[in-house]
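I opened a new page for this structure. My plan is to look up a few places, one by one, and write down what I find.

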Amino acid sequence: MSGMSGMPVLPEGAPLRELPRLANMATEGGRFEAALTAGVAKARFADGLDTPILAYNGESPGPIIQVTEGDRVRIAFRNAIPNQASTIHWHGMPVPADQDGNPMDAVASGDSRTYEFTLPEGSAASYWYHPHPHGLTAEQVYRGLAGAFLVKPKVDPIPAAYGDTVLFLTDLRLAADGSLPEQSMADLMNGRVGDQVLVNGQKKPVLTVQSGTRRRFRLFNATNARFLRLTFGDAPMTIIGSDGGLLAAPVQGATEILLSPAERAEVVVAFEKAGSFALKTLPYDRGWMGPGRPDDGDLTLMSVEAQGAALTEMPPLPEALRQIPELAESTVRRRFVFGESMRGPGGMTMAFMINGKTFDMTRVDVQMRAGQIELWEVQNPTDMDHPFHIHGTQFQIVEVEGNDRISKPAYRAWKDTINVGRGETVRIAVRQELPGLRMYHCHILEHEDQGMMGIVDVVA
Ligand code: C2O
Ligand code: CU
Ligand code: CU
């Protein structure tokens, strides 16, 4: 079906679907074993139009992988993408460097490999997985390759009565014939922002709950480059988790949350009375080069219909969720400065850099010692926001400097991605436990592909 402008129209208002789960084939407890194949598939976003996409096991978003802390995970990966290398990167997860799907460990088209790791105690969080081949990450992700990876604790402090609902946010741009257009110049500069934001692959789905319900949501920004400033309107929201799992204590009274590309949050939302509530975006200026700045405010992503007599039996949240020790006493300081410049004939293409260099797979940019805390200062003197991400670990924000003031974070949290706004400097405390080569980069995937990435060699 197409609209007046010839652009495909997506059906809206279907019940929110639960993403499929990757089945565990292990026969022993404490293990998770499965196979994931990345390959070509067809999706039906708009009525009557087939969209050729990439998918994991035929699904986009990919199936949810759910394991428990302490599990040994073994995933057999097959790359069935024609003519392109791929990898699976386990975003945010404490897995060994050689199992983390780095661009240096590409799996050629038609080849297979197995990823294997054990998830330590204390690693419960909402992670995700996506490809990381050199120069092709952005394309493979917007064509459909990304999925949620949930690590559950042995004992979950969040009441089971709140449910546990994944909201996996992606975006989509469809051509009139239903295909996914190639990357444009604006995409390469700003990162690709689609025309539609989808929740679990659906446009404006509806979630029906009994009034009085409190719901636990895991929000994932799995878009290439869209900044999502999210609100549930006047439904009271409590932040309970970040990229790296639960906070030390619930943060009540939140009215909005900004998720830059790759960030996640866990929230509990109370739908106290019967009525209609919406998950919406608020405007956010992330800096935009050239024409075509997308409309990013006031989009309704999902609606929640609260119905019936109010539930009175909802258990409260515990006052403490877990211990988060402070990463203090860093003995080493380093600085990373984002840069952009024009290059190519007539300055028609961009270079995206960290410390004046574009990514080189064969170059080690930084060496650090395993187990040692470092203070990383990430500076953004450019005219766009860049979300900074480090592989293999979770860090803590120490402070953010910008507009002539320094602010401390409102609460302690484990993070693997943090937005560094234009003109800002973000200081983070980082520790890597496992040796090997780790990537750090801007998580606007087009920037990463064009060089805004470096390698830290963690030495034992
Ligand atoms: Cu989402 Cu290099 O990672
Ligand atoms: Cu990552
Ligand atoms: Cu960037």
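I start with Met-185, which is partly exposed because its relative accessible area is 34%, between the 20% limit for buried and the 50% limit for exposed. I place Met-185 in helix α2, which covers residues 185-190. Met-185 and Thr-349 are separated by 164 residues along the chain, yet their C-alpha atoms are 8.0 Å apart. I keep in mind that this is a predicted model.

Next entry: the copper ion. Which protein atoms are the donors of ligand 2? I find NE2 of His-89 and NE2 of His-389, lying 1.9 Å from the copper ion. I then looked up where the two histidines sit. His-89 is in strand β5 (residues 89-91) and His-389 is in strand β24 (residues 386-390). The pair is 300 residues apart, so I note that it links distant parts of the chain. Are these histidines buried or exposed? His-89 has 0% relative accessibility and therefore counts as buried. His-389 is buried too, also with a relative accessible area of 0%.

Next entry: the open sheet. I count six strands, in the order β21-β20-β23-β28-β25-β26, and the pairing is mixed. Which strands lie at the edges? They are β21 (349-354) and β26 (405-407), each pairing on one side only. From one strand to the next, the twist averages 15°. I looked at one pairing in detail. Strand β20, residues 332-343, runs antiparallel to β21, and six bridges join the two. Across this pairing, I find Glu-340 opposite Phe-352 of β21. A reminder to myself: strands of a sheet pair through backbone hydrogen bonds.

Next entry: the cores. The largest nonpolar core has 31 residues. Among the members that touch the most others are Phe-338, Trp-376 and Phe-388. Beyond four places in sequence, Trp-376 touches residues including Arg-334, Met-368, Ile-428, Tyr-440 and Val-456. A second, separate core holds 30 residues, including Leu-167, Leu-247, Val-267 and Leu-301.

Last entry: Thr-238. I find it in strand β14, residues 237-242. Thr-238 is buried because its relative accessible area is 10%, under the 20% limit. What does Thr-238 contact beyond four places in sequence? I list Pro-250, Val-251, Gln-252, Glu-266, Val-267, Val-268 and Leu-317. I had already met Val-267 as a member of the second core.

Methods
Residues are numbered from 1 along each chain as its sequence is written. Chains are lettered from A and ligands numbered from 1 in the order in which they are written. This is a predicted model: local features need pLDDT of at least 70, side-chain atom pairs count only at pLDDT 80 or more; totals for chains, interfaces and linings use all residues. Side-chain values use heavy atoms; hydrogens and water are left out. Donors are N, O and S atoms within 2.8 Å of the metal (3.2 Å for Na, K and Ca); water is not among the atoms, so sites may look incomplete. Helices (H or I, at least four residues) and strands (E, at least two) are DSSP runs, numbered from the N terminus. Buried means under 20% relative accessible area, exposed over 50%, partly exposed in between (1.4 Å probe, protein chains only). Contact means heavy atoms within 4.5 Å. Two strands pair if DSSP finds at least two bridges between them. Axes are lines fitted to C-alpha atoms, for helices over the stretch in contact, and angles run from 0 to 180 degrees between N-to-C directions. A nonpolar core is a set of buried Ala, Val, Leu, Ile, Met, Phe, Trp, Tyr and Cys residues joined through side-chain atoms within 4.5 Å.
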